[in-house]
Protein chains: 2
Amino acid sequence: MNVVVVGGGVIGLSVAWRLSSEHEVTLVDPRPAGGASWVAGGMLAPVTEAWPGEEDLLELGSASLASWPGFAADLGLDLDTRGTIVAAADGADAGQLDTLAEFLAGRGREVERLSGRELRRVEPSLGPNVRSGLIVPGDLAVDNRELLRLLSSRAHEAGVEFIGEAAASVTSGVVELASSTLRCDLAVIAAGAWSGALHPALAGAVRPVKGEILRLRARQNALPPPTHTVRAMVESRAVYLVPRAGDELVVGATQYEAGFDEEVTAGGVRDLLNLAERVVPGVVEYTLTECAAGLRAGSRDNLPLIGSLGPGVVVAAGHHRNGLLLAPITAEAVRAMAAGREEPLVKVADPARLTGGTA
Amino acid sequence: MNVVVVGGGVIGLSVAWRLSSEHEVTLVDPRPAGGASWVAGGMLAPVTEAWPGEEDLLELGSASLASWPGFAADLGLDLDTRGTIVAAADGADAGQLDTLAEFLAGRGREVERLSGRELRRVEPSLGPNVRSGLIVPGDLAVDNRELLRLLSSRAHEAGVEFIGEAAASVTSGVVELASSTLRCDLAVIAAGAWSGALHPALAGAVRPVKGEILRLRARQNALPPPTHTVRAMVESRAVYLVPRAGDELVVGATQYEAGFDEEVTAGGVRDLLNLAERVVPGVVEYTLTECAAGLRAGSRDNLPLIGSLGPGVVVAAGHHRNGLLLAPITAEAVRAMAAGREEPLVKVADPARLTGGTA
């Protein structure tokens with residue numbers, strides 16, 4: 001079958017790569033391997049990102065997490081299995097951790113509750129402000145940029161054709177570009193926050209949610225970065241610190257809802273630096289190597305949209321903070337749809353719930 | 001005469017350009033138009049940078065400031081004549097302004113003392129924290145990067161030969177590069193913080209002083225940048241905000257003495273953002289377009305070293321925070337020396353005071 005994938009972030013690349021063994025695949029993106037996937041922290045963290053009311057997302061994420069070791073092995077990508085620490089800076093933050101711990105325990109998840117002192121024994125980079133926390137052994141992390149590089153080269157090797165243009169609209173079997181038209185048996189809309197403009201059913205169903213990240217590198221004589229992924233609550237604000245190879249550290253992520261704005265703001269950088277310092281004081285001695293912003297694709301219920309929009313059109317967008325985590329299960333689900341099967345695990349992500357219609 | 005200028009920052013470029021009308025000039029620098037000059041804020045501010053005990057520097061700076069309009073006109077460069085505001089955030093900072101105001105008044109300088117409310121009437125971008133300040137009408141500002149571009153092209157047009165290598169040493173009439181030797185009638189050491197390694201008399205006389213700056217741009221719907229250059233004291237820490245064309249704003253500058261370290265630190269950026277926000281709260285809504293670090297060339301008495309180091313060798317380095325300001329007078333003094341004359345205004349900058357010998 002002839003498939004056109006619109007969007008070359010982690011979702012579009014994963015779909016194109018996974019479909020390329022059985023189909024003729026074309027990927028359309030003016031800047032593939034960019035966007036929100038490039039700016040991500042790289043946490044594969046369904047458990048520590050979980051929250052009461054988002055049980056479906058926890059189950060979907062857990063199912064995708066289970067696919068990650070195989071997905072990474074096929075790519076030749078290293079997974080960071082050192083686990084995640086969730087840290088709380090003050091009393092109200094500790095209360096939030098109680099809520100999270102109870103929710104996870106109630107769903108049978110393994111969680112270890114520690115005092116600030118106990119946490120610092122496990123993760124000495126944490127500062128004296130940290131009062132308490134959780135250790136979550138199962139969550140993974142991945143170098144998002146290495147992931148994008150590998151997905152791109154695997155897709156190229158598998159014969160995916162890349163067209164460096166933006167799509168203007170997608171209808172049954174037709175993808176309109178600025179200056180040409182692509183005809184196909186199946187079109188897959190995987191354009192993240194930009195998906196809403198491509199198909200009438202998606203208008204208003206996907207919105208841009210801006211996130212800023214910093215990339216830091218420990219300097220000579222500075223304290224080493226954390227050995228775990230650290231998610232923290234500081235005065236009710238969330239910050240994460242994800243260690244990378246080469247003494248690097250990714251700090252994120254702000255969340256703003258202000259339309260298609262991809263600029264890094266002074267206030268965003270200030271907030272991330274101040275929050276990160278409260279959790280891991282040693283970061284002030286690090287080199288600031290990059291500030292970047294990206295647009296996640298938010299949906300109204302924080303679940304993605306994965307499913308048919310009608311004959312010959314599938315959507316795989318709206319992954320919000322979970323694009324990397326959900327890439328394997330999303331690609332698998334689209335592969336099943338292309339073969340005329342349904343993937344029951346992604347039933348909760350059926351776009352009909354948000355687009356007001358059934359396919 | 002055959003002249004080799006070592007160093008292509010604002011001093012080296014100005015010297016090369018000004019000497020090129022009378023001499024054959026070669027400029028040696030692996031990255032001309034870079035370094036501390038590229039990272040500068042662009043204030044030409046002898047008065048607001050003045051401090052008791054640095055009377056010689058105030059007089060030297062004032063003499064060079066008087067040359068700036070002609071220098072800029074020759075280059076075709078715009079000068080920002082909107083003047084400088086010096087603002088104080090708290091009581092102790094206001095005390096520092098009293099010291100500065102008294103010092104300047106005692107030297108016959110025009111200074112206007114204003115309350116916070118009066119200052120905000122003149123400069124509405126200032127935040128409610130600002131308690132009091134000075135208005136200094138005479139100080140100028142310049143776009144340092146435009147200055148470097150113009151100096152480079154004027155020097156090229158005037159026939160200056162550029163060699164993109166680093167110099168290893170300078171002795172009488174000889175400049176050693178990595179792979180070749182340049183012979184000349186006069187060698188001018190204008191390599192800023194790196195000058196100390198080029199000639200034995202300069203060892204220990206010039207040291208690197210790191211400075212970090214941010215470049216910001218006012219976004220749509222954000223408050224506009226200040227219309228004056230703003231220097232401020234916030235809890236005894238100095239910060240400056242220099243407006244540029246196109247709603248840009250340069251914020252600087254930290255000072256660290258940590259050797260030849262040109263990396264931007266998380267702590268430096270955090271400090272600049274927090275200080276700038278205290279003075280001009282609107283900056284948090286600005287785009288952060290660049291973080292950069294450079295190495296100024298410090299000397300023990302904060303005065304530059306301009307003068308002979310022996311037959312055929314002149315130094316023009318150690319300008320610390322005043323490289324842009326002092327470029328015209330430095331170039332004029334080196335031109336005089338090349339003609340066998342002395343420039344009495346730069347007598348206070350004679351390197352003999354620091355190198356322990358006379359030329």
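Does B:Asp271 count as buried or exposed, and what does the surface between chain B and chain A consist of?

A: The model is a predicted one, and the description below should be read accordingly.

B:Asp271 lies in helix 7 of chain B. Its relative accessibility is 12%. Because buried means under 20% relative accessible area, B:Asp271 counts as buried. Leaving aside residues up to four places away in sequence, B:Asp271 touches B:Arg237 and B:Tyr256.

Between the two chains, 21 residues of chain B are in contact with 21 residues of chain A. The area buried between them is about 1600 Å², and carbon and sulfur atoms give 51% of that area. On the side of chain B, the residues that lose the most area to chain A are B:Arg219, B:Ala266 and B:Arg270; together they account for 31% of what that side buries.

Polar interactions can be counted as well. There are 17 residue pairs in polar contact between chain B and chain A, both residues of each pair being at pLDDT 80 or more. Three elements of chain B each give two or more residues to the side that touches chain A: strand 13 (207-217), helix 7 (266-279) and strand 17 (287-298). Helix 7 of chain B supplies the largest share, seven residues. Sorted by class, this side of chain B has ten nonpolar, four polar and seven charged residues.

Salt bridges between chain B and chain A number eight. One of the salt bridges joins the side chains of A:Arg217 and B:Glu263, with an N to O distance of 2.6 Å.

Chain B is superposed on chain A by a rotation of 180° with 0.0 Å of shift along its axis, at an RMSD of 0.0 Å. The two copies are therefore related as by a two-fold rotation axis. In chain B, the C-alpha nearest this axis belongs to B:Arg270, at 2.9 Å from it. B:Arg270 is also among the residues of chain B that lose the most area to chain A. Both copies use the same surface, since 100% of the contact residues of chain B recur in chain A.

Notes
Residues are numbered from 1 along each chain as its sequence is written. Chains are lettered from A and ligands numbered from 1 in the order in which they are written. This is a predicted model: local features need pLDDT of at least 70, side-chain atom pairs count only at pLDDT 80 or more; totals for chains, interfaces and linings use all residues. Side-chain values use heavy atoms; hydrogens and water are left out. Contact means heavy atoms within 4.5 Å. Buried area is the accessible area (1.4 Å probe) that two parts lose on being put together, summed over both. A salt bridge is a side-chain nitrogen of Lys or Arg within 4 Å of a carboxyl oxygen of Asp or Glu. A polar contact is a pair of N or O atoms within 3.5 Å; within protein, one must be able to donate a hydrogen and the other to accept it, and residues adjacent in sequence count only if both atoms are side-chain atoms. Helices (H or I, at least four residues) and strands (E, at least two) are DSSP runs, numbered from the N terminus. Ala, Val, Leu, Ile, Met, Phe, Trp, Tyr, Cys and Pro count as nonpolar, Asp, Glu, Lys and Arg as charged, and the others, Gly among them, as polar. Copies are superposed by least squares on the C-alpha atoms of residues with pLDDT of at least 70 in both. Buried means under 20% relative accessible area, exposed over 50%, partly exposed in between (1.4 Å probe, protein chains only).
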